[in-house]
Amino acid sequence: MDSKRKKTKIVKEIKVDTSKCVGCRACEIACSAFHAVPKFSSVNTARSRIMVVMDEFRDIFVPIRAGDYAQAECNGRNRYVIDGKEYDACTFCPASCPSRDAFKEPDSGLPLKCDMCESVPPLEKPMCVDACTFGALTYEEREEEGAEEEKPGDMEIVFEALVKKHGKKKVMDTFARLSKS
Amino acid sequence: MRYAETGFQLEVDLSKGSIDKVETDPRDTAMYIGGLGMNLKLLFDRVPPGTDPWSPDNLLIFGNGLLNGTCVPGANRVSVDTIAPLNGFLGHSLMGGFFGAEMKMAGYDRIVIRGEAPDLVYLAIHNDKVEIRDARHLRGKLMDETQTLIKDELNDKRAWVAAIGPAGENRVIMASIDCGNSSAARTVGPVMGAKKLKAIAVRGTKDVYLAHPDKAWEMCSRLRKELDANPNVGDWMATDEDDSFHHNNFSWGNARVRRKTFWSAELEERWRNLKYDHMSRWTGCWNCPKACHNLIQWPNRRRFSYKCYGKDTYHMASFQELDFTFEILPIAMDLGLDSYSTPQVIAFALELLDAGILTEKDFPGMPSDVRQRFYYLLQKIAFREGIGDVLAHGTSGAAAIIGKGAEKFDHNTVKKFEQLPIKLGKLNPAYFLMIATGEEMAITQTEGSFPQDPITDPELKEEFIKNWIAVPDKKFHEWFRQWEKRDQLPDDAMCAICDWNECMHYLDDSLGLCGFVSSFRGQFGGTTGYHVWNMPKVITHVAGIEFDKDRLWEFFQRIRNLARALNNIRGLRRHMERPPDDHWAVRNEEYEQQLLTKYYDFKGWTFDGIPTKETLERLSLGYVAEELIKNGVLTGNEVTALNDIRAKKKE
Ligand code: SF4
Ligand code: SF4
Ligand code: SF4
């Protein structure tokens with residue numbers, strides 16, 4: 001087999017070491033400021049694409065990055081029992097989903113998803129990793145063989161959510177109206 | 001558009017049940033910044049002299065520092081202020097953690113509580129939605145449980161809840177207000193209890209704006225990395241297990257016994273194991289690269305965290321070891337009692353028992369073991385049962401009620417407030433001034449910029465001076481250079497040192513900066529994170545208000561004099577400004593009084609310790625001077641202290 005014909009892709013990874021997290025939320029602050037428009041014009045951790053689940057007296061410190069948008073509540077859930085305390089099934093879930101507020105723009109309710117701080121020129125490392133002075137978040141890039149997967153962009157995620165909420169027709173009508181004005 | 005601040009304060013009257021969201025005047029921000037500064041202004045304007053601190057007319061204010069909730073690292077302190085029932089003067093405390101940032105994101109620079117609810121309530125804030133809710137089912141609930149129950153009730157795990165425990169509900173003077181790992185003590189807890197406010201829950205999802213986004217972010221990222229790399233900021237006690245300093249130098253029991261050789265290598269090793277065998281991790285505060293809290297899980301106790309000298313107070317008051325502090329702290333915290341005054345009050349009570357001023361009859365059913373006695377008294381105090389009802393007034397208050405010579409055992413308070421249990425040999429003039437005159441109540445809230453001790457090695461000294469950029473004026477370098485013995489510097493240097501130390505705290509407490517990265521940490525190593533040279537730039541980039549060092553200094557003087565006037569109008573005078581008689585073994589009354597006069601003069605105050613009309617007018621506080629004149633505190637013709645005939649007579 002000719003290995004050169006195989007495609008390679010860059011896998012970007014943020015490794016989370018929960019034992020090092022002190023719960024300072026600098027990661028949330030950095031993420032929200034970076035994604036503010038204009039950039040760095042505001043801080044609002046509710047807009048962050050990373051959320052530190054914190055329950056100090058039970059020693060829970062878990063930074064979670066927003067994953068894919070889930071169209072519906074899931075029908076099977078996990079229940080976590082940590083240190084004798086039972087956690088709500090959704091506590092450690094990275095999805096933006098209809099059943100809760102987490103990972104949604106506070107004003108519009110549109111889903112938020114970690115975009116690895118994509119920007120031009122690219123950052124040396126993602127904002128949350130840079131802000132974490134405690135080593136709880138570390139960044140790795142590695143090459144992996146396999147076809148580059150088509151991932152939905154920000155725009156697609158937003159449109160999917162709008163379609164889900166208002167129906168395709170209404171969204172298309174609105175879009176058509178806005179593009180004329 | 002307002003930057004760093006929201007421009008709104010939440011005003012709640014618990015008697016009327018009214019909730020108002022009030023837009024504030026940006027001109028006030030320019031004059032009073034936020035946090036402590038704005039709180040002082042509100043207390044001065046709205047709580048008339050003569051108001052009973054327990055009454056509904058007193059205010060309890062949670063004032064966000066101007067920079068809280070932004071990208072400024074280490075900015076998270078909420079200044080909690082009231083008129084203290086303890087002594088009728090300013091009651092001031094600081095709460096770190098996350099409450100302030102959440103309040104900002106909910107849209108509020110401060111929460112102003114007035115009135116008294118008909119029965120126990122809590123305040124639930126979610127952005128614009130603010131409700132006064134029934135809290136009768138939370139009566140008597142412990143601190144941790146209260147916070148959890150309220151979050152469950154609101155179905156919001158990301159809300160932050162600042163609550164009082166049973167001690168606060170029962171108006172115990174030593175009660176604290178806790179929120180997660182942070183706590184506001186120093187007499188604000190009982191006022192919350194008097195208002196029948198069990199807790200404030202806050203959750204916010206709004207933007208906090210930065211004035212100059214790129215510059216602000218660049219500067220704050222740099223500062224974060226600097227603070228992270230700087231060993232002189234944060235709490236050394238989080239990682240350095242050599243705590244000989246407190247144990248060998250501070251007094252044990254009721255501020256009574258010094259054990260100069262207590263510390264040993266064996267002890268240190270044993271305590272190190274004790275700590276790390278039970279420690280879950282370090283935890284921090286909002287946006288700070290230091291993590292000062294030690295999270296401890298002790299057998300049969302709920303997990304809790306402590307910081308700094310809070311590690312020592314209980315076992316030093318009881319002549320025990322660290323394991324006792326670890327087992328009692330979570331219980332005391334859950335009852336809502338502080339770890340600063342409470343152990344002193346308990347040690348005081350047990351000393352009175354030893355002395356026969358209190359008798360066994362006053363302690364029915366008390367075990368003989370000292371540890372069990374501490375638990376016994378914690379319960380009695382928190383629920384005000386028997387002798388606990390008396391001790392709930394604090395050392396001074398209790399001594400006055402008990403009488404029979406108990407007053408003599410109240411030997412460690414200034415203006416009725418418990419001080420650090422330090423009993424030393426020779427008078428230290430700068431410390432004399434700070435302890436005597438500090439409006440922020442405790443020495444830890446006043447000291448911190450100028451080193452505690454001189455450096456004798458000339459090379460090390462020059463090295464220190466070279467890196468010591470925090471000084472507001474080169475003259476501090478010169479004084480440090482000539483400084484050989486702790487108590488020997490010219491009086492004008494002592495005055496200026498006290499003034500600068502104080503200045504940094506007033507700035508921090510208004511900006512929201514934690515003393516551990518700023519005002520408190522210059523004294524150890526000199527390289528503190530924030531100082532009068534970088535603060536103005538931070539304020540300008542983040543809040544969009546032009547400041548320079550001189551304007552910042554003038555701001556300090558303004559609110560320093562406002563604090564003084566607030567207390568003067570409530571009766572604070574020169575004769576009350578006395579460190580405990582036994583704070584130093586060797587005293588010289590005449591010298592101390594001369595020094596005090598010089599310091600008053602330096603501050604622009606009268607011989608009685610009141611700002612003169614000119615001083616106030618120079619700081620745009622003409623309205624304060626008018627009030628003082630109206631209340632007979634000033635005539636308006638006073639001169640500063642050294643020009644007073646009483647000062648001249650003594651020369
Ligand atoms: S990688 Fe970037 S977008 Fe993703 S959570 Fe971190 S800061 Fe936010
Ligand atoms: S910045 Fe790091 S230590 Fe701080 S909360 Fe985020 S992951 Fe935890
Ligand atoms: S220095 Fe310590 S106490 Fe201060 S804000 Fe940082 S973590 Fe909190």
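Figure 1. Strand E16 (residues 279-283) of chain B is joined to E17(B) by 4 bridges in the antiparallel sense; two strands count as paired if DSSP finds at least two bridges between them. Within this pair, Met279(B) stands opposite Ile296(B) of E17(B). E17(B) also pairs with strand E18 (residues 304-306) of chain B, over 3 bridges and again in the antiparallel sense. Here Leu295(B) has Ser305(B) in E18(B) as its bridge partner. Strands are DSSP runs of E with at least two residues, helices are runs of H or I with at least four, and both are numbered from the N terminus. In a regular strand, side chains alternate between the two faces of the sheet. Strand E17 (residues 293-296) of chain B is covered on both faces: His293(B) and Leu295(B) are buried on one side, Asn294(B) and Ile296(B) on the other. Buried means a relative accessible area under 20%, exposed means over 50%, and partly exposed lies in between, with a 1.4 Å probe and protein chains only.

The model shown here and in the other views is predicted: local features need pLDDT of at least 70, side-chain atom pairs count only at pLDDT 80 or more, and totals for chains, interfaces and linings use all residues. Residues are numbered from 1 along each chain as its sequence is written, chains are lettered from A and ligands numbered from 1 in the order in which they are written, and side-chain values use heavy atoms, with hydrogens and water left out.

**Figure 2. Surroundings of ligand 3 in chain B.** The shell of ligand 3 includes the cysteines Cys285(B), Cys288(B), Cys292(B) and Cys514(B). Asn76(B), Arg77(B), Lys290(B), Lys307(B), Phe516(B) and Val517(B) also surround this ligand. A residue is near a molecule if one of its heavy atoms lies within 4 Å of it. By class, the shell has 6 nonpolar, 1 polar and 3 charged residues. Ala, Val, Leu, Ile, Met, Phe, Trp, Tyr, Cys and Pro count as nonpolar, Asp, Glu, Lys and Arg as charged, and the others, Gly among them, as polar. Ligand 3 lies between domain 2 (230-415) and domain 3 (427-650) of chain B, because both give residues to its shell; the domain bounds come from an automatic or database domain assignment. Cys514(B) is buried, at a relative accessible area of 9%.

Figure 3. Ligand 1 is surrounded by 13 residues, of which Cys31(A), His35(A), Cys114(A), Cys117(A) and Cys128(A) are the closest. This shell divides into 9 nonpolar, 1 polar and 3 charged residues. Cys114(A) counts as buried, with 16% relative accessibility. Around ligand 2 there are also 13 residues, and Cys21(A), Cys24(A), Arg25(A), Cys27(A) and Cys132(A) come nearest. The shell around ligand 2 has 11 nonpolar, 1 polar and 1 charged residue.

Figure 4. Chain A has 4 helices and 7 strands, in the order β-α-β-β-β-β-β-α-β-α-α from the N terminus on. Of its 181 residues, 42% are buried. The bond from Val37(A) to Pro38(A) is cis, with omega near -10 degrees. Pro38(A) lies in the loop between helix H1 (26-34) and strand E2 (42-43) of chain A. A cis bond, with omega near -10 degrees, also runs from Val120(A) to Pro121(A). Pro121(A) is found in the loop between strand E6 (85-87) and helix H2 (127-131) of chain A.

**Figure 5. An open sheet in chain B.** The order of the 6 strands in this open sheet is E2-E1-E6-E3-E4-E5 (chain B), and the pairing is mixed. Strand E2 (18-23) and strand E5 (90-95) of chain B are the edge strands, each pairing on one side only. Strand E4 (residues 78-83) of chain B and E5(B) run antiparallel and are joined by 6 bridges. Val78(B) has Met95(B) as its bridge partner in E5(B).

**Figure 6. Two arginines with positive phi in chain B.** Arg171(B) has phi near 55 degrees, a positive value in a residue other than glycine. Its loop runs between helix H5 (166-169) and strand E10 (177-179) of chain B. With a relative accessible area of 31%, Arg171(B) is partly exposed. Phi of Arg384(B) is near 50 degrees, also positive in a residue other than glycine. Arg384(B) is found in the loop between helix H13 (370-382) and helix H14 (387-391) of chain B, and its 22% relative accessibility counts as partly exposed.
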